[in-house]
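Before reading the points below, take a moment to look over the chain from one end to the other. The briefing then moves from the overall fold to the sheet, the hairpin and the core.

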Amino acid sequence: MNQDEIIQLFRDSHALLTGHFKLTSGRHSDVYYEKFTLLKQPSICTQLCEQMASLLKNSGVETVVGPTTGGIILAYDTARYLGVESIYAEPGENGRIFKRGFSLEKGQKVAIVDDVLTTGRSVQEVIDLVTSYDADIIKIILMLDRSNGTVTFDYPMEALATVAAQSWAPDECPLCAKGEPITQRGSRVFSK
Ligand SMILES: [Zn+2]
């Protein structure tokens, strides 16, 4: 699957919405990714996980780690394709922690998998957690890089698709200038 086909999966699953959105940052955008609209559909989600697993073939990865919540789903199914184990990192008081008896050995080969990369904060927290066990991070794989490649880590990273997240301050928003009402999430929205 190439990048266009990946983006098409987002559209087909209605996870990529077009309209006039007010983001949590307060900025406005003409696209919105509701990642759980895709993650809730196993038949679509598994195609992405198969793709993620193919990027880890012959890498010797022993464990796939994902951050809560979307990362749990992706790490689990990606690990299923690879025939290895998957564990997940939960929020702790200071960054991410392993609970439920999860642990890593020194030198254990780990892949980190997550859904949408925006600021990179949650992935960095998982990196800090994994390296605190002296485990080896082989690769970081994202379903979608929304940072347009501006977020990088000290380890190899691949995204199934990379997009630029265009947004505007409300007083510079071209949609506001045209008088378009804000799209209410949960109401009728249009996907291209
Ligand atoms: Zn606007």
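The radius of gyration used here is taken over C-alpha atoms, and the rule for a globule is 2.2 Å times the number of residues to the power 0.38. This is a predicted model, and for its 192 residues a compact globule would have a radius of gyration near 16 Å, so the 18 Å of the protein agrees with that expectation.

**Overall fold**

- The protein contains six helices and eight strands, and, read from the N terminus on, these elements follow the order α-β-β-α-α-β-α-β-β-β-α-β-β-α.
- Taken along the principal axes, the C-alpha atoms fill a box of roughly 60 × 35 × 30 Å.

**The six-stranded sheet**

- Six of the strands form an open sheet of mixed pairing, in which the order is β5-β4-β3-β6-β7-β8.
- The edges are taken by β5 (96–97) and β8 (157–159), and because each has a single partner strand, one side of each is left without a neighbour in the sheet.

**The hairpin**

- Strand β1 (residues 16–22) and strand β2 (residues 28–33) run antiparallel and are joined by five bridges, with L16 standing opposite Y33 in β2.
- These two strands, β1 and β2, form a hairpin with five residues between them, and in the turn G26 has a positive phi of about 95°.

**Burial and the nonpolar core**

- Buried residues make up 33% of the 192 residues in the protein.
- In soluble globular proteins, nonpolar side chains tend to be buried together.
- The largest nonpolar core has 47 residues, and the members that touch the most other members are V65, V110, I112, V130 and L144.
- Strand β7 (residues 136–145) supplies the largest share of this core, namely six residues.
- Leaving aside residues up to four places away in sequence, V110 touches V61, T63, V65, L104, V130, A135, D136, I137 and I138.

Definitions and conventions
Residues numbered from 1 in each chain as written. Predicted model: local features only at pLDDT ≥ 70, side-chain atom pairs only at ≥ 80, totals over all residues. Helix = DSSP H or I, 4+ residues; strand = E, 2+ residues; numbered from the N terminus. Buried ≥ 20, exposed ≤ 12 C-beta atoms within 10 Å, placed from the backbone. Core = buried A, V, L, I, M, F, W, Y, C linked by C-beta atoms within 7 Å. Contact = placed C-beta atoms within 7 Å. Pairing = 2+ DSSP bridges.
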